[in-house]
Amino acid sequence: MTRMLYVDYERCIDCHACEVACQREHAGRRNMHVARVQDRFAAPLACRHCDHSPCVVACYADALTAWPDGTVRFQADKCTGCSLCVVACPFGVIVLDPARKAVTQCDLCLHRLDEGRLPVCVLTCPAGAIHFDEYAGYVAPVRRRAALAMVDALPPS
Amino acid sequence: MPPQPVPTICPYCGVGCALTTIVEDGRAVGIEYVPEHPASEGALCPKGNAALEVLDHPDRLRYPMKRTAGGWTRISWDEALALVADNLASTRQEHGANALGFLASAKCTNEENYALQKLARLMGTNNVDHCARLCHASTIVGLSRAFGGAAMTNPLSDLARADCILIIGSNLSENHAPAARWIWRAKDRGARVIVADPRFTPTAWLADTFLQLRPGTDVALLNGLAHVILREGLADRDFIAQRTIGFDALARTATAYSPEVVAAITGVPAERILAAARAYGRAPAAAIVYCMGITQHTTGSDNVAAIANLALICGQVGRPGTGVLPLRGQNNVQGACDMGALAEFLPGYRRVEAPGLTVVEMMYAAAAGDLRAMLVMGENPVVSDPNADHVLAALEKLDFLAVQDVFLTETAELAHVVLPAAAWAEKEGSYTSTERRVQWSHRVTDPAEEARPDLWIVAQIARRLGFDFADDPRAVLREINAAVPAYAGITPERLTEPGRVGGLIWPCPDPAHPGTPILHVDAFDNTPDGRGHIIPVEYRPPAESPGDAYPLVLTTGRVVVHYNSGSMSRRSASLLAHEPALFVEVHPADAQRLGLTEGAAVEVASARGKTTAQARITNTIAEGWAFMPFHFAGTNVLTSDALDPLARIPEFKVAACAIEAVPPGGER
């Protein structure tokens, strides 16, 4: 199974640590974006590495390509800066980096994974909301929590 | 040379997160996380992630300077140190030792604070204090009386073992963010979380029960919880009988605080008071977390006592998952207090016979001409103190002001001599986190140009005044080991031994002692009778109430991407980008009545002054209230310097204010 970035949205406390860490790790280019909703909820959003990626379809220069390991990877030297991928992305997490006339998107900190280190957003998240795991590993505690909430709602025995 | 990892401690809040700073060719180039750290598990908030940005900032002070008619003039260290020593000596000669004032710093190491308070005392004055006065003086008074110890009773990770967590007056999601991970872990086990705050903060997002109380009504709420707990038989009678005194008086006091009465005072619905009291009272292990929403009131000491009462009557002290956890704001505010950088305490909380002037009192004494010369180490009272216009006028009146800092702060701008200090990664020493965890932070790089560690600066001044001061932090820590019994076993050798992560937690009375994460297990060792003292307190309203001229209640606090007076965070581009300017939160109904639109410029005024801010319209606060973060220079122009009679902490959290729209084009 492939390990992916999972976000436990309920846990996000809108602290922006993932954003600042991502920006630091990527020489000022930020690939994580926390969106706050009605002062009640916030969600860290990054590239979902979709299986059928609208950005890959939109990219005529083959700068964004789908890899067999399930990642969507970006090659800056092929990017024309046309921004079609920015428009195509349903999550709004591909952004134009005006400094180098190219886009920027979450690379899962592949340079760190190669060295056996986790992505910085996972390590830094104070609330423990961001996970890098296989699907089964991620959902097991989430399901347990959902079950606990049901028990909690039962009348006392 | 390849990049090297250096173990360091985050320079921001009191959680005490460790981070590994990566150094290459003499420059700090990166951060690595420390998942084995016991307080944070490697997590860092946004501020910690931006900690390197202050190091080679262009605004850094790089040379000693003196103020002349033509502006700032670069001078040599010799001249600068002689100027400071001579002025301190001549002021003492002409006006007496109590004409001197010293401000220590919760951002500096234990060794630096120990040295500065020692210098003050050797000069013959107890006029030494620091910003703990502005954040947790109430904790020192309240918890010393109740428990015999002014510190967190249990470590942060213990929150994961609680069955109920009451968070009151703390926005830990923004200000002590890694604490949130332990609370989520408690919730994974089914724990109930109660959050009491005038604002629906991101901390309230963690709550099962949210209590939106009016600013300054904490005693009423806490007494109301005690009322329900006693009425419903949820108190721990055995614990009360065996380990406390003073219960009967509290039982009498609490009778008046029925949920209905408390609802009328606090604005919290009675059924929520019942739910919260039952959750806390029935939990096998329950913890209370609080912060400056409790302490920064004229009733701050009473608020803390009311919290301690709740823990004592429910027997929630001395076990895993229980306790009272005051979250300290700065990386070394606990340590600066432990080191005796306070007007009434010597190192180790030994009381002085004649307490000196506190932070706020020094400003009044300066304004009156009684305090003539000050040495300020890494504090920025012009921004951090209440009634800022008064502080500014007071400091301008001094015969002599010397400031040691990393940047030319608003306070340093008023100085006669500015001494450039080494930043956090440019020096070494120990820091004590909010958990009483003493940790060593290693030196990463050389100081910027001629900047020097504060310990070196204080030692040099002291030597010029005829005192033999060490400037090696290890030597000073050995002196602390001898002077402070709780630190006796926290030796430099142990703190710096390779592989030690998480330091040592005081009390640690000898070099073989493992440290003491949980206090008061079998007895309250430092109260006169070994018991916990229940101190009944009555609700008193805040010093200032809204009226015709100032109809809104202003409360203040922090945002996640800024830190205290902002001298570091406002210079970190990656932080400033998220919150670039001062704002004021207002409720939609008030905004409509006042004709305010989102983002519009407004003027906020109190009886003490006025400032401009951007309107932020939100229903996270109630109608009639307003909120401003205190990281920008305008906020404390408005706040009140009315003091708690015991703790002498100012009431930052309640001020009457008025808000007006500024028409487009600015001036009216």
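Guide: Read from the N terminus, the elements of chain A follow the order β-α-β-β-α-β-β-α-β-β-α-α-β-α. That order comprises six helices and eight strands. The model is predicted, and the mean pLDDT of chain A is 91, with 96% of the residues scoring at least 70.

As to overall dimensions, the C-alpha trace of chain A extends over about 65 × 35 × 30 Å along its principal axes. Chain A has 157 residues, of which 43% count as buried. When contacts between residues at least 6 apart in the sequence of chain A are considered, 54% of them join residues at least 24 apart.

The description now turns to the partner chain. On the side of chain A, 32 residues are in contact with 34 residues of chain B. The size of an interface is often given as the accessible area lost when the parts come together. For chain A and chain B, the buried area is about 2,600 Å², and carbon and sulfur atoms give 54% of that area.

Polar and charged interactions also cross this interface. Between chain A and chain B, 14 residue pairs are in polar contact, both residues of each pair having pLDDT 80 or more. Three salt bridges are found across the interface of the two chains. In one salt bridge, the side chain of Arg117(A) meets that of Glu32(B), with an N to O distance of 2.5 Å.

Several elements of chain A contribute to the side that touches chain B: helix H1 (17-25), strand S3 (41-45), helix H5 (120-124) and helix H6 (135-153) each supply at least two residues. The largest share, six residues, comes from H1(A). By class, the side of chain A that touches chain B has 14 nonpolar and 14 charged residues, together with four polar residues.

Gln316(B) lies in the loop between helix H14 (300-313) and strand S13 (323-326) of chain B. With a relative accessible area of 2%, Gln316(B) is buried, because the cut-off for that term is under 20%. Its contacts beyond four places in sequence include Tyr280(B), Pro284(B) and Thr322(B). A polar atom of the Gln316(B) side chain lies 3.0 Å from the backbone oxygen of Ala283(B).

How values were computed:
Residues are numbered from 1 along each chain as its sequence is written. Chains are lettered from A and ligands numbered from 1 in the order in which they are written. Side-chain values use heavy atoms; hydrogens and water are left out. Contact means heavy atoms within 4.5 Å. Buried area is the accessible area (1.4 Å probe) that two parts lose on being put together, summed over both. A salt bridge is a side-chain nitrogen of Lys or Arg within 4 Å of a carboxyl oxygen of Asp or Glu. A polar contact is a pair of N or O atoms within 3.5 Å; within protein, one must be able to donate a hydrogen and the other to accept it, and residues adjacent in sequence count only if both atoms are side-chain atoms. Helices (H or I, at least four residues) and strands (E, at least two) are DSSP runs, numbered from the N terminus. Ala, Val, Leu, Ile, Met, Phe, Trp, Tyr, Cys and Pro count as nonpolar, Asp, Glu, Lys and Arg as charged, and the others, Gly among them, as polar. pLDDT is the predictor's confidence in each residue, from 0 to 100. Buried means under 20% relative accessible area, exposed over 50%, partly exposed in between (1.4 Å probe, protein chains only).
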